[in-house]
Amino acid sequence: VSIRNFKCLREVDIDLEQFTVFVGPNGSGKTSVLQALDLLCRTFRKHTAEFENEYGSQRSFGTTEPIELSCISEKFHYRYRTDPPNRQAGKW
């Protein structure tokens, strides 16, 4: 999983296994990683209008920079990227 500019996570790459545990002090980004994964999965399960109503703009994620999320496995490759604030988000 790669996460760029999502909440407190500027540039994070994580190798996930079948069972992965996140451990760390409060405020270290554990929940942000889970929220990024949730966001990535939901973008491919909901219609754009539903998604935008639920998640709003990228400002709600604590950044005005483009957000980039990707998850690659042997079976699939999901990628999501927002454009700068006056452009629309999209799957690529």
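**View 1. Strand 1 and strand 2 form a hairpin.** Strand 1 (residues 2–6) and strand 2 (residues 9–13) run antiparallel and are joined by 4 bridges. Strands here are DSSP runs of E with at least two residues, helices are runs of H or I with at least four, and both are numbered from the N terminus; two strands pair if DSSP finds at least two bridges between them. Look for arginine 4, whose bridge partner in strand 2 is glutamate 11. The hairpin has 2 residues between its strands, and lysine 7 in the turn has a positive phi of about 50 degrees. Please keep in mind that this is a predicted model, in which local features need pLDDT of at least 70 and side-chain atom pairs count only at pLDDT 80 or more, while totals for chains, interfaces and linings use all residues. Residues are numbered from 1 along each chain as its sequence is written, and side-chain values use heavy atoms, leaving out hydrogens and water.

**View 2. A hairpin joins strand 3 to strand 4.** Strand 3 (68–72) and strand 4 (residues 77–81) pair in the antiparallel sense over 5 bridges. Tyrosine 80 in strand 4 is the bridge partner of leucine 69. Tyrosine 80 also brings us to threonine 43: their C-alpha atoms are separated by 7.7 Å, although the two are 37 residues apart along the chain. Threonine 43 belongs to helix 1 and counts as buried because its relative accessibility is 2% (buried means under 20% relative accessible area, exposed over 50%, partly exposed in between, with a 1.4 Å probe and protein chains only).

**View 3. The largest nonpolar core has 14 residues.** Such a core is a set of buried Ala, Val, Leu, Ile, Met, Phe, Trp, Tyr and Cys residues joined through side-chain atoms within 4.5 Å. Ile3, Phe6, Val33 and Leu69 have the most contacts inside this core. Strand 1, helix 1 (30–43) and strand 3 each supply at least two of its residues, and helix 1 gives the most, with 5. Zoom in on isoleucine 3 and you will find that it touches (heavy atoms within 4.5 Å) Leu9, Arg10, Glu11, Val12, Val33, Ala36, Glu68 and Leu69, not counting residues up to four places away in sequence.
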